[in-house]
Amino acid sequence: MANLAAPAYQHTPQLAFQRLLDVLYTLRIECPWDKKQTMESLRHLTMEEMYELTDAILEKDYPEIKKELGDVLMHLVFYARIAEEEGHFNIVDVLNAICDKLITRHPHIYGETSADTEDQVISNWETIKLKEGNTSVLSGVPKGLPALVKAYRIQDKVRGVGFDWEDKKQVWEKVEEELAEFKAEFNLETALPMDQEKAEGEFGDLLFSLINYARHIGINPENALERTNKKFIERFTYLEQKAAENKQQLQEMSLEEMDVYWNEAKKLKK
């Protein structure tokens with residue numbers, strides 16, 4: 001068997017990629033766990049690796065990004081190997097297919113079409129996809145995406161064919177309109193029973209308009225919300241630690257007492 005740890009493999013991208021193929025193929029033959037895997041069994045692990053990669057990106061942890069990129073790349077090669085064993089396609093087919101798609105969808109680079117702005121590139125991209133057989137501009141949005149990410153992708157897709165607000169001020173006016181409608185319909189100060197389905201619909205409209213505004217001012221709402229999640233977790237963890245140090249039980253503390261530690265946490269890291 002070849003020495004897969006040999007430094008010669010590491011000299012070029014081509015050789016390094018071949019090393020990964022060789023390692024994966026060897027494991028697929030000789031390792032009991034790797035031999036047992038199917039596309040279905042790997043699916044949830046791949047999703048986990050992707051979330052770990054996005055966490056590392058948000059943290060700007062480059063050593064961790066490098067590690068997680070390797071994990072994701074290994075999974076992609078794994079899927080291609082399984083498909084090759086089943087007679088569907090191999091890694092060469094995968095690589096050539098993505099190269100062909102990129103060339104076809106960048107006619108301003110590899111063809112005669114011109115595109116001087118990002119919006120023109122996106123418009124060309126969506127037009128080409130429809131010519132390739134897509135029945136809808138939105139057909140490329142995965143059904144299983146989390147709702148917040150899906151809303152952002154839907155808005156970005158229709159933007160590619162010109163269905164978008166011209167001015168971000170108009171988008172903010174829509175946010176205010178949706179907020180006013182929600183407050184008018186579901187004011188907690190009233191004693192009227194709430195129509196849950198209608199409330200969810202109105203709140204969904206409000207969220208959709210906020211996501212749209214974020215997109216117009218260059219904010220990725222998924223990243224923004226995840227940063228806030230992380231910030232909240234850090235501050236609440238600090239609160240728990242301080243309470244434990246002072247032998248206090250959260251359940252027995254007042255909100256005012258907890259706010260003391262919370263405000264301390266806010267001062268530690270913005």
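A search of the whole structure, which is a predicted model, finds 15 salt bridges. A salt bridge here is a side-chain nitrogen of Lys or Arg within 4 Å of a carboxyl oxygen of Asp or Glu. Residues are numbered from 1 along each chain as its sequence is written. Local features need pLDDT of at least 70, side-chain atom pairs count only at pLDDT 80 or more, and side-chain values use heavy atoms, without hydrogens and water.

One of these bridges joins R215 and D164, with N and O 2.9 Å apart. R215 lies in helix α10 (residues 196-216) and D164 in the loop between α8 and α9, so the pair ties together parts that are 51 residues apart in sequence. R215 is buried, at 11% relative accessibility, whereas D164 is partly exposed at 28%; buried means under 20% relative accessible area, exposed over 50%, and partly exposed in between (1.4 Å probe, protein chains only).

Shared partners join R28, R81, E84 and E85 into one network of salt bridges.

Helix α4 (residues 62-85) also meets helix α3 (residues 39-59): their axes come within 9 Å and cross at roughly 160°. That makes α3 roughly antiparallel to α4, a word used for angles over 145 degrees. The residues in contact (heavy atoms within 4.5 Å) include L42 and L53 of α3 and L69 and F78 of α4. They divide into 14 nonpolar, 2 polar and 6 charged.

Key:
Axes fitted to C-alpha atoms, helices over the stretch in contact; angles between N-to-C directions. Helix = DSSP H or I, 4+ residues; strand = E, 2+ residues; numbered from the N terminus. Parallel < 35°, antiparallel > 145°, perpendicular 65-115°, else oblique. Nonpolar A, V, L, I, M, F, W, Y, C, P; charged D, E, K, R; others polar.
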